[in-house]
Every structure is written in structure tokens, then in C-alpha cells.
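Here is a short briefing to read with the model open beside you. Take a moment to look over the chain before you start.

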Amino acid sequence: NYTTLDDWIKPLKRKRRETLKRAGREAQNFTITTKPIKGGHPAPHSSYAHFRCVVQHEVRLLSKMYGESTNAFVNALAEAISRYIGTTRMAGVIQEYRDLSTNKVIGFAHEVSKGRTTRGQWFYCDDDAAKRYVWFHSVLDLVRRAIEDDRIDVVDLGPSGSDAFTDLKAQYGFEAVVDWPAVADYSGDFLYEEDQNEDEPGDDMIRMIEKLVQRQAARDKRRKED
């Protein structure tokens, strides 16, 4: 249980602390915008710019694992399409990273808060952002906001795509846990920004069905009266 960001940072090894220091947005020349995913509205990251980040992220990851090849690229593209569709259909909040000079989208983090836990659900960035500590900043910022939020007890970075990433997370205090429900309490409601979900997905369809039912009921009533 941390009460300040320093409580989390100080026990880390010196190199890890230095990495988090270099991850500051001022040093790396990027901006961050919080974009809530609102029910009944297109996902805020529904654009080619965000899809490009997912593709470059997957190509970079699979190339490191299996080497650069046409087969690796095709597999990465297929994985990117699947993951991008998935992230645009989920609840939560998008933390969008843009280059300060060009305003180009260089990455985004998809976060979900439920119960007493906030989770870094997905993270994708282009090749440029990978060199600018964007992932480290996203983790730093997620931990900071979780500490400041009295509703949150646990930060979960989710499953890892490789042993190397599992090891990287562990170096920053995020140990892999098999029985994760015993540690991360997801049993409560989703936590939303104020007015984030005034219209839930499917509300328009529900309202339309209700109107049709009411119309049919009115017709049946008139028939009986006639």
C-alpha cells in the first residue's frame, strides 16, 4: 500500500529509477490527453493513426521474437487487426500520446478500472515512441493516479506476451501472480469518469424496441376498442 509515488519508486534499483526519471513528458517532448470511452459513441481511438501504432507495435514485437521476415510481418498484421478491434470494443479510458512538435499520435494506453483495481489493459506505440520511454511513462502515470484515487488499491498490468516482458514488469515491482483474483479485486462495478456513460452501448436499440412495443400495444388497444 503506497501513499506517495516515491514510496513505489525509492525501493527500485537505481537504473530503474533513472529510467522512470527519463520517462517524463517534458524530457521526451510528448503530450498526453485523457479520452474516456463513452457508451453509444465511437471509441476515441477509432482512427488510422491509432491503428498504425498497433501495427508497428506488433511488428516490432514479433520481429524481436522470430526475426524479420514476410511471415512475421503477416502474422503481426493479423494480430494487430485482432487487437485493434478488441481495444475499440472495450470499456475504459484512453491515454493518448502525441508528439509535441508534429501533433502525430505516437501511442496510446487503454486503461480499465473495476472494483478496487485499475488495469493497464493494452498499450501500443509506434517505433518512434518506443525510443522515448512512452511505456514507462504510462506505467508511472497509472501508478500515480491509482495512489491518488482512494477507490483503487491495486494496479494490474495484465498478462505479458513474453517472458522478457514479464521480467521487465517484475523489475518495477509488478510480479506475475497465477492466482490474480486473490490479489486484484475486480468484484465491484466499473469506475467511470463523470457522465462518461450517460448512454450505454445498445441504449439506442433498446429505446427503439421499447417504442415499437408501445406502438404495438397502442394498436392492440385500439383494435379491442373497435
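This is a predicted model: local features need pLDDT of at least 70, side-chain atom pairs count only at pLDDT 80 or more; totals for chains, interfaces and linings use all residues.

Residues are numbered from 1 along each chain as its sequence is written, and side-chain values use heavy atoms, with hydrogens and water left out.

**Overall make-up**

- The protein chain has 9 helices and 5 strands; these are DSSP runs numbered from the N terminus, with helices being H or I of at least four residues and strands E of at least two.
- Read from the N terminus, the order of elements is α-α-α-β-α-α-β-β-β-α-α-β-α-α.
- Of the 226 residues in the protein chain, 36% are buried. Here buried means under 20% relative accessible area, exposed means over 50%, and partly exposed lies in between (1.4 Å probe, protein chains only).
- Taking contacts between residues at least 6 apart in sequence, 67% join residues at least 24 apart; a contact means heavy atoms within 4.5 Å.

- Helix α4 has 19 residues and reaches 26 Å from its first C-alpha to its last, close to the 27 Å expected. The expected span is 1.5 Å times one less than the number of residues.
- The buried residues of α4 include His50, Cys53, Val54, His57 and Leu62, and the buried residues of this helix pack against α5, β2, β3, β4 and α6.
- Just after α4, glycine 67 takes a positive phi of about 90°.
- Helix α7 has 15 residues that should span 21 Å, and its end C-alpha atoms are 21 Å apart, which agrees.
- Because 12 of its 15 residues are buried, α7 is largely enclosed by the rest of the structure; Trp135, Phe136, Leu140 and Ile147 are among them.

**The largest pocket**

- The volume of the largest pocket is about 1,000 Å³. A pocket is an open set of points on a 1 Å grid over the protein atoms alone, where a 1.4 Å probe fits, with protein on both sides within 12 Å along at least five of seven lines; lining residues have an atom within 4 Å of a point. Grid points are joined across faces, edges and corners, and the volume is the space filled by probe spheres set on them.
- Its lining has 40 residues, of which His57, Leu61, Phe123, Trp135 and Phe165 lie nearest the centre.
- Helix α4 gives the most to this lining, with 8 residues; other elements that each supply at least two include α5, β3, β4 and α7.
- The lining of the largest pocket divides into 22 nonpolar, 9 polar and 9 charged residues. Ala, Val, Leu, Ile, Met, Phe, Trp, Tyr, Cys and Pro count as nonpolar, Asp, Glu, Lys and Arg as charged, and the others, Gly among them, as polar.

**The second largest pocket**

- The second largest pocket holds about 880 Å³ of space.
- Among its 30 lining residues, Val154, Val155, Asp156, Phe174 and Val183 lie nearest the centre. The elements giving two or more residues to this lining are α7, β5 and α8.
- Its lining splits into 18 nonpolar, 5 polar and 7 charged residues.

**Buried polar side chains in the strands**

- Glutamine 95 is found in strand β2 and is buried, at 5% relative accessible area. Its side chain makes a polar contact of 3.5 Å with the side chain of glutamate 111. Such a contact is a pair of N or O atoms within 3.5 Å; within protein, one must be able to donate a hydrogen and the other to accept it, and residues adjacent in sequence count only if both atoms are side-chain atoms.
- Histidine 110 lies in strand β3 and is buried, with a relative accessible area of 0%. A polar contact of 2.7 Å joins its side chain to that of threonine 87.

**Loop residues**

- Threonine 102, in the loop between β2 and β3, is exposed at 55% relative accessibility. Its C-alpha is separated by 9.6 Å from that of phenylalanine 30, 72 residues apart along the chain.
- Asparagine 103 is in the loop between β2 and β3, is partly exposed at 47%, and has a positive phi near 65°.
- Tyrosine 133, in the loop between α6 and α7, has a positive phi of about 60° although it is not a glycine.
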